[in-house]
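Open the model in your viewer and keep the sequence panel beside it. This tour says what to select at each stop and what is there.

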Amino acid sequence: MAIRKHRAGELVIEQTRDLVRVREMLTRAGMITVGIEWPAACYIVAYIGDESVGVIGVESKIDSALIRSLYVDESMRERGIGAALIAAARKAAHTRGARHLYLFSTDAGELFERHGFKKIAVDDVIAAIAGVPQVEYYRGRPEELAREVAYHLDISSDGVIER
C-alpha cells in the first residue's frame with residue numbers, strides 16, 4: 001500500500017482499503033465494525049496533514065447505496081469535514097451506479113437533512129437495500145434497528161448536464 005504524505009494543516013479526502021485504520025476509528029467512536037470487509041464496500045478517510053480525522057463508508061448494491069459509519073473526531077468537528085465526507089460518499093455511490101442513497105442515523109439526522117436527505121420509514125431502507133452488511137446487521141438486531149432513523153436521497157441526477 002502506498003503511503004501518501006499530506007501537507008500540514010491541509011484537509012484531504014481519500015478512498016482507502018486500510019481497513020485496520022477504518023476499524024480503529026470506528027471502534028474509537030463506538031460504532032459498528034461488522035461487515036467493513038465486504039468487498040463491495042468503499043471507505044473514505046479525511047486527513048488533516050497525515051492524521052486521520054474522519055471516515056465514512058458506502059455499501060453499494062445495484063442502483064442503491066447505503067452510507068454507513070460517518071465519524072469525525074470530536075476535536076475536528078464544525079470544520080466542514082463531515083460535509084466533505086458526505087460529498088465524497090455521494091460521489092463514490094454515484095460512480096458505482098447508485099441512483100438512491102440511504103442511511104440510518106441516531107444522532108446526525110440534522111447534518112444529513114442539511115445535505116438534502118429526507119426521513120423515510122426504516123422498512124423502506126431494509127426493502128431497498130437488503131443484503132448489504134449494515135442492513136443485515138440491523139435485521140438481526142431488531143432492538144437496535146428500532147432506535148434508528150432512516151433517510152433517503154435521490155442522486156439519479158448527479159452528474160447530469162441539463163440543456
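**Stop 1**

Select isoleucine 48: opposite it stands glutamate 51 in S3. The model is a predicted one, in which local features need pLDDT of at least 70, side-chain atom pairs count only at pLDDT 80 or more, and totals for chains, interfaces and linings use all residues. Residues are numbered from 1 along each chain as its sequence is written, and side-chain values use heavy atoms, with hydrogens and water left out.

Strands here are DSSP runs (E, at least two residues), as are helices (H or I, at least four residues), and both are numbered from the N terminus. Two strands pair if DSSP finds at least two bridges between them.

Now show S2 and S3 together. They run antiparallel and are joined by eight bridges. Their hairpin has two residues between the strands. Pick glycine 49 there: its phi is positive, near 65 degrees.

**Stop 2**

Colour S3 by burial. Buried means under 20% relative accessible area, exposed over 50%, and partly exposed in between (1.4 Å probe, protein chains only). Nine of the eleven S3 residues are buried, so the strand is largely enclosed by the rest of the structure.

Seven bridges tie it to S3, and the two run antiparallel. Select valine 58 and its bridge partner in S4, isoleucine 67.

Move to the turn. S3 and S4 also make a hairpin with two residues between them. Which residue in this turn has a positive phi? It is isoleucine 62, at about 55 degrees, although it is not a glycine. Isoleucine 62 counts as exposed, because its relative accessibility is 73%.

**Stop 3: S4 beside S5**

Show S5 next. S4 and S5 run parallel, with four bridges between them. Alanine 65 has leucine 101 in S5 as its bridge partner. Leucine 66 stands opposite tyrosine 102 in S5. S5 is mostly covered, with five of its six residues buried.

**Stop 4**

Seven of them form an open sheet in the order S1-S2-S3-S4-S5-S7-S6, with mixed pairing. Strand S1 (11-16) and strand S6 (118-120) are the edges, each pairing on one side only. From one strand to the next, the twist averages 30 degrees.

Select glutamate 14 in strand S1. Is this residue buried or exposed? Glutamate 14 is buried, with a relative accessible area of 14%.

**Stop 5: helix H1**

Select residues 19-29, helix H1. H1 lies across S1, strand S2 (41-48), strand S3 (51-61) and S4. Its direction is at about 100 degrees to S3. Such angles run from 0 to 180 degrees between N-to-C directions, with axes as lines fitted to C-alpha atoms, for helices over the stretch in contact. Contact means heavy atoms within 4.5 Å.

**Stop 6: from S4 to helix H2**

Go to the loop between S4 and H2 and select glutamate 78. Its phi is positive, near 70 degrees, in a residue other than glycine. Glutamate 78 is exposed, with a relative accessible area of 83%.

Step on to glycine 82, in helix H2. Glycine 82 is buried, at 14% relative accessible area. Leaving out residues up to four places away in sequence, it touches Leu70 and Val72.

**Stop 7: the largest pocket**

The largest pocket holds about 890 Å³ of space. Of its 33 lining residues, the closest to the centre are Leu70, Tyr71, Arg77, Asp107 and Ala108. A pocket is an open set of points on a 1 Å grid over the protein atoms alone, where a 1.4 Å probe fits, with protein on both sides within 12 Å along at least five of seven lines; lining residues have an atom within 4 Å of a point. Grid points are joined across faces, edges and corners, and the volume is the space filled by probe spheres set on the points.

Which element gives the largest share of the lining? S4 does, with six residues.
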